[in-house]
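Colleague: Hi! Could we go through this one together? I have a few quick questions.

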Amino acid sequence: MVFSRVAFLVFLSFLLFISFTNSQLAPLYHQCSKLQGNHTPSSTYNSNLKNLLSSLISNTDIDYGFYNFSLGQGSDKVYAVGLCRGDINPTSCRSCIRMSTDQLTELCPSQNEATIVYDNCTLRYSNRSIFRDTFSSEPYFSEYNSSKVPDVEQFSEAVRSLLFSIRDKAPLGSSLRKFATGKADFGNSRTIYALTQCTPDLAYYDCYNCLESAVTYYPNFIGNTAGRIYFPSCYARYDMIQFYETASDTPPAPATHLSPPPSSGSTTKGMILRIILPTVGFGMISCTFCCCLVSHKRNKKNKTANKEIATEESLQFELGTIEAATNKFSDDDKIGVGGFGNVYKGTLPNGQKIAVKRLSRSSGQGVQEFKNEVELVAKLQHRNLVRLLGFCLERDEKILIYEFVPNKSLDCLLFDPEKQGKLDWSRRYKIIEGTARGLLYLHQDSPLKIIHRDLKTSNILLDEAMEPKIADFGMARMIGFEQNQERTNRIVGTYGYMPPEYAIRGKFSVKSDVYSFGVVVLEIISGKKNSSFYQSDFGNNLLSFAWRHWRDGTSIELMDSTLGDSYSESEIIRCIQIALLCVQEDPAARPTMGKVVSMLISSSVRLPLPQQPAFYVGSRTGSNLQMLEVVLDNQSTAKSTPSVNEASVTEVLLR
């Protein structure tokens with residue numbers, strides 16, 4: 001009898017062991033992609049793949065759970081990315097990576113690109129670069145527990161709040177680990193646990209933006225007791241059972257700066273990327289572009305200009321389509337007047353609303369600004385930048401087609417006494433932060449290093465959620481990532497937003513945009529135009545007015561009185577201090593946009609005391625101010641009321 005019981009227990013233990021082993025071998029998800037082609041067992045690619053995966057397994061130097069290596073040349077080059085969950089130890093991580101390499105090569109023996117997801121790690125390899133992959137707009141893998149809680153609304157709000165909370169923490173991690181966990185109580189002594197993680201080679205905003213996409217996908221799981229969402233470079237997960245190590249409840253300490261980690265080459269020692277599968281998204285985008293690019297007859301006058309436009313990244317529209325969308329550029333559809341032409345609202349045949357920027361035929365700078373805007377904006381993808389949908393170069397027309405932004409530009413609300421009430425402090429703070437993120441992307445995180453050179457309230461558009469979108473890139477300049485500044489003899493921009501080193505000496509850098517941002521922040525806080533202070537009793541400009549209040553300890557008096565009681569005094573004073581740091585006379589003293597974003601999102605970041613602002617009466621640039629005003633006043637033309645995509649360009653030629 002005893003023997004039979006022992007035998008039964010041994011048999012039961014054996015079954016549990018087999019079950020446990022199988023669960024460890026069975027991945028949560030895998031995909032053998034057909035989009036990148038196949039290889040044969042005797043190919044150079046297969047040999048490189050085996051050697052690369054073997055090096056991952058044997059590498060004992062990496063103890064932070066992130067692998068990104070490549071091996072080979074040309075079409076035989078293999079890229080591999082592995083990421084372990086941030087809370088597991090190095091031994092468990094290496095074990096998971098080893099299991100992933102074994103399983104993936106068995107499941108996908110001939111595919112050039114493959115992905116596998118386990119609970120503790122993910123692994124991916126491909127014959128194209130998959131480092132820092134942020135192209136996909138949809139998760140490649142998601143799952144949820146089918147069981148639901150009875151009090152769905154309360155539970156869903158608790159999950160949403162928890163996910164958004166740790167969404168903000170993970171991007172602040174170091175270049176070795178961007179990972180955060182958290183928990184929240186939920187009625188009847190129940191607890192929700194959640195985790196967010198990015199591949200640590202992502203810059204701050206790329207990580208934040210990726211996690212935001214993952215977190216905002218949560219409504220698809222509403223009421224489900226557990227769920228996980230995997231994007232190419234990040235993932236989020238929640239459960240009512242604690243699934244991570246207790247020691248990870250405390251998120252990693254914030255990084256000392258928000259600059260991206262050093263760029264990784266084919267054998268970057270220190271970092272490694274998590275698995276991703278945007279091949280499908282990349283392929284879909286490429287196919288969409290190819291299908292939409294249309295061949296048109298062009299005037300000989302435009303052929304040279306057209307060759308310089310990256311047509312593979314721009315969508316070309318027929319003039320007839322644009323004319324039909326705008327009722328042949330009807331005045332009834334005109335929504336704005338800019339320095340280089342008019343802006344119209346239109347509707348495409350599929351019902352999509354668009355904003356059509358029609359460059360003036362009489363503008364001597366039109367062709368150059370047109371080419372500049374198309375080439376630059378077509379390469380940029382960010383939630384705080386207006387999205388270029390296409391262009392038209394036909395006959396004598398030069399037209400840009402943008403996404404339609406319903407709430408027009410910031411100045412239309414900010415400086416209109418009847419509409420200012422729509423901008424309470426929370427919305428203004430959101431606009432300040434979003435604009436900062438957009439500039440950070442341009443300066444640091446985009447494929448190009450871009451200086452906008454014309455940031456102002458009329459070039460910040462507001463979507464239906466009052467999310468800011470930086471617009472009008474006609475003045476923008478691209479510089480090398482290793483360059484700190486450039487000089488030009490052709491000054492373009494808007495008086496009041498140009499820093500002294502640019503307006504007087506023609507020198508511009510990313511710190512020029514920082515200065516403009518500081519002016520915009522002061523306008524958002526005060527509800528007053530910088531130009532409205534000209535020759536007033538309060539000083540020559542808003543900067544002087546703000547500096548005097550700061551110096552006298554009365555900063556809160558700068559606040560727009562229409563804000564009523566809807567403000568946080570500490571936030572407003574902090575934003576005023578940040579703005580004054582941005583408009584300091586010495587460009588080197590101004591913070592980078594990375595530091596500005598850090599100051600805005602974390603109250604724990606200490607702010608230095610600002611120095612005297614540029615163009616402050618009594619400053620070393622003050623003596624040049626009156627001379628500059630005369631030059632600008634003589635060369636500027638009368639401008640219409642600011643509106644959507646207004647350019648308001650002033651030009652000065654330095655001699």
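Colleague: Which residues line the largest cavity?

Modeller: In this predicted model, the largest cavity is lined by Arg453, Asp454, Leu455, Gly493, Thr494, Tyr497, Met498, Pro499, Tyr502, Ser512, Asp513 and Ser516.

Colleague: Where does the largest share of that lining come from?

Modeller: From helix H13, residues 510–526, which gives three residues.

Colleague: And what volume does the largest cavity have?

Modeller: About 70 Å³. By class, its lining has five nonpolar, four polar and three charged residues.

Colleague: How many cavities of 30 Å³ or more does the structure hold?

Modeller: Four. The second largest cavity has about 50 Å³ of space.

Colleague: What lines the second largest cavity?

Modeller: Its lining residues are Asp63, Tyr64, Gly65, Cys84, Arg85, Gly86, Ile88, Asn89, Pro90, Cys93 and Arg177. Five of the lining residues are nonpolar, three are polar and three are charged.

Colleague: Switching to helices: at what angle do H15 and H16 pack?

Modeller: H15 (residues 569–582) and H16 (residues 593–601) pack at about 170°, and their axes are 10 Å apart.

Colleague: Are they roughly parallel or antiparallel to each other?

Modeller: Roughly antiparallel, because angles over 145 degrees count that way.

Colleague: Nice. Which residues make the contact?

Modeller: On H15, Arg574, Cys575, Ile578, Leu581 and Cys582; on H16, Val596, Met599 and Leu600.

Colleague: How does that contact divide by class?

Modeller: Seven of the residues are nonpolar, one is charged and none is polar.

How values were computed
Residues numbered from 1 in each chain as written. Predicted model: local features only at pLDDT ≥ 70, side-chain atom pairs only at ≥ 80, totals over all residues. Heavy atoms only, no water. Axes fitted to C-alpha atoms, helices over the stretch in contact; angles between N-to-C directions. Helix = DSSP H or I, 4+ residues; strand = E, 2+ residues; numbered from the N terminus. Parallel < 35°, antiparallel > 145°, perpendicular 65-115°, else oblique. Contact = heavy atoms within 4.5 Å. Nonpolar A, V, L, I, M, F, W, Y, C, P; charged D, E, K, R; others polar. 1 Å grid on protein atoms, 1.4 Å probe; cavity = no way out; pocket = protein on both sides within 12 Å on 5 of 7 lines; lining within 4 Å. Points joined across faces, edges and corners; volume = space filled by probe spheres on them.
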